[in-house]
Amino acid sequence: MTGRPCRRSCRVLARYTLMPIELNHTIVHARDPQASAAFLADLLGRDAPIRFGPFYGVELDNRVTLDFIQADQELTIEHYAFLVSEEEFDQIFGRIQARKLAYWADPAHKQPGTINHHDGGRGVYWNDPNGHYLEIITRPYGGG
Ligand SMILES: [Fe+2]
């Protein structure tokens, strides 16, 4: 510090330190990005994916976008968990069941055909067409 009074530089610093940091987007590798994005959008009840260059984006309510792109190499299986309301859980879980998708109460797939009630809410796991592990929960881990 120079010992000079804090003026513009402190205001600029304060503005940046107060600005929240939010996840904006992430890339999801897929064998068929269009179909995979449509699968997720359909199950979550989101708008149809938006194409942006090589990506097919699925936007969530908190403005995070999952950008599906063609995988050129072997896929690394990832995990994506979505916090939903109780009503949304009913709707999404209903779509999972209507499509006769396999689902589990746990990420290790040891409890098939059932859901969990962790943290006083509900949760369930299923896979997307690439094998990515998808999850919906009505309470954040730890109850938050
Ligand atoms: Fe999870």
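In helix H2, the buried residues are Pro33, Ser36, Ala37, Phe39, Leu40, Ala41, Leu43 and Leu44. Please keep in mind that this is a predicted model. Below, we start with the helix, zoom in on one of its residues, and then turn to a sheet.

**Helix H2**
- H2 covers residues 33–44, and its twelve residues should span 16 Å at 1.5 Å a residue; the end C-alpha atoms are 16 Å apart, so the two values agree.

- Leu40 is part of helix H2.
- Leu40 counts as buried because 24 other C-beta atoms lie within 10 Å, and the cut-off for buried is 20 or more.
- Leaving aside residues up to four places away in sequence, Leu40 touches Val58, Leu66 and Asp128.
- Leu66 is 26 residues from Leu40 along the chain, and their C-alpha atoms are separated by 9.6 Å.

**The sheet with S5, S7 and S6**
- Three strands form an open sheet in the order S5-S7-S6, and the pairing is mixed.
- S5 and strand S6 (123–127) are the edge strands, each pairing on one side only.
- On average, neighbouring strands in this sheet are turned by 20 degrees against each other, direction ignored.
- S5 pairs with strand S7 (residues 133–137) in the parallel sense, over five bridges.
- Tyr80 has Leu134 in S7 as its bridge partner.

Notes. Residues numbered from 1 in each chain as written. Predicted model: local features only at pLDDT ≥ 70, side-chain atom pairs only at ≥ 80, totals over all residues. Helix = DSSP H or I, 4+ residues; strand = E, 2+ residues; numbered from the N terminus. Expected span 1.5 Å × (residues − 1). Buried ≥ 20, exposed ≤ 12 C-beta atoms within 10 Å, placed from the backbone. Contact = placed C-beta atoms within 7 Å. Pairing = 2+ DSSP bridges. Axes fitted to C-alpha atoms, helices over the stretch in contact; angles between N-to-C directions.
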